[in-house]
Amino acid sequence: MDGMIREIYNCVVQKDGGKDRVSKGIEEEILNLLKRMEKLDGQECEEYKDNLYFIAYKADEDGFVKGFRYASWLFAECMRNGFTDN
């Protein structure tokens with residue numbers, strides 16, 4: 001099931017053309033980390049940047065999967081209980 005949810009996530013990201021793959025806040029944190037690593041040469045800095053963005057993207061994807069699973073479970077519970085507060 002996770003594979004299907006990840007496919008949905010990737011479709012959502014691709015629909016936006018890959019823009020905003022990570023939030024503005026996360027991007028700011030990545031850039032702040034890189035600023036503190038000024039002693040790195042250009043090649044190393046780019047490698048770290050790529051790795052940090054990859055990690056952020058994977059974390060976002062995992063959060064999407066967990067949220068989707070939780071929403072599905074919640075919806076199923078509501079359907080079983082007829083959307084009542086009982």
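User: Is Glu 61 buried or exposed?
Analyst: This is a predicted model, where local features need pLDDT of at least 70, side-chain atom pairs count only at pLDDT 80 or more, and totals for chains, interfaces and linings use all residues. Buried means under 20% relative accessible area, exposed over 50%, and partly exposed in between, with a 1.4 Å probe and protein chains only. Glu 61 has a relative accessible area of 3%, so it counts as buried.

User: Which residue does Glu 61 meet in a salt bridge?
Analyst: Residues are numbered from 1 along each chain as its sequence is written, and side-chain values use heavy atoms, leaving out hydrogens and water. A salt bridge is a side-chain nitrogen of Lys or Arg within 4 Å of a carboxyl oxygen of Asp or Glu. At 3.2 Å, N to O, the partner of Glu 61 is Arg 6.

User: How many residues apart are Glu 61 and Arg 6?
Analyst: Helices are DSSP runs (H or I, at least four residues; strands are E, at least two), numbered from the N terminus. Glu 61 is in helix α3 and Arg 6 in helix α1. The pair links distant parts of the chain, 55 residues apart.

User: Which residue pairs with Asp 2 in a salt bridge?
Analyst: Side chains of opposite charge can pair when their charged atoms come close. Here the closest N and O atoms are 2.8 Å apart, and the partner of Asp 2 is Arg 69.

User: In which helices do Arg 69 and Asp 2 sit?
Analyst: The two residues are 67 apart in the chain. Arg 69 is in helix α3, and Asp 2 is in helix α1.

User: What separates Glu 77 and Arg 80 along helix α3?
Analyst: These two form a salt bridge, with closest N and O atoms 2.4 Å apart. They are three residues apart in helix α3, so the separation is about one helical turn.

User: Which residues are joined into one salt-bridge network?
Analyst: The structure holds five salt bridges. Some share partners. The network joins Arg 6, Lys 58, Glu 61 and Asp 62.

User: How many helices and strands does the protein chain have?
Analyst: From the N terminus on, the elements run α-α-α. The count is three helices and zero strands.

User: What share of the 86 residues is buried?
Analyst: Glu 61 is buried, whereas Arg 80 is exposed at 59% relative accessible area. Over the 86 residues of the protein chain, the buried share is 13%.
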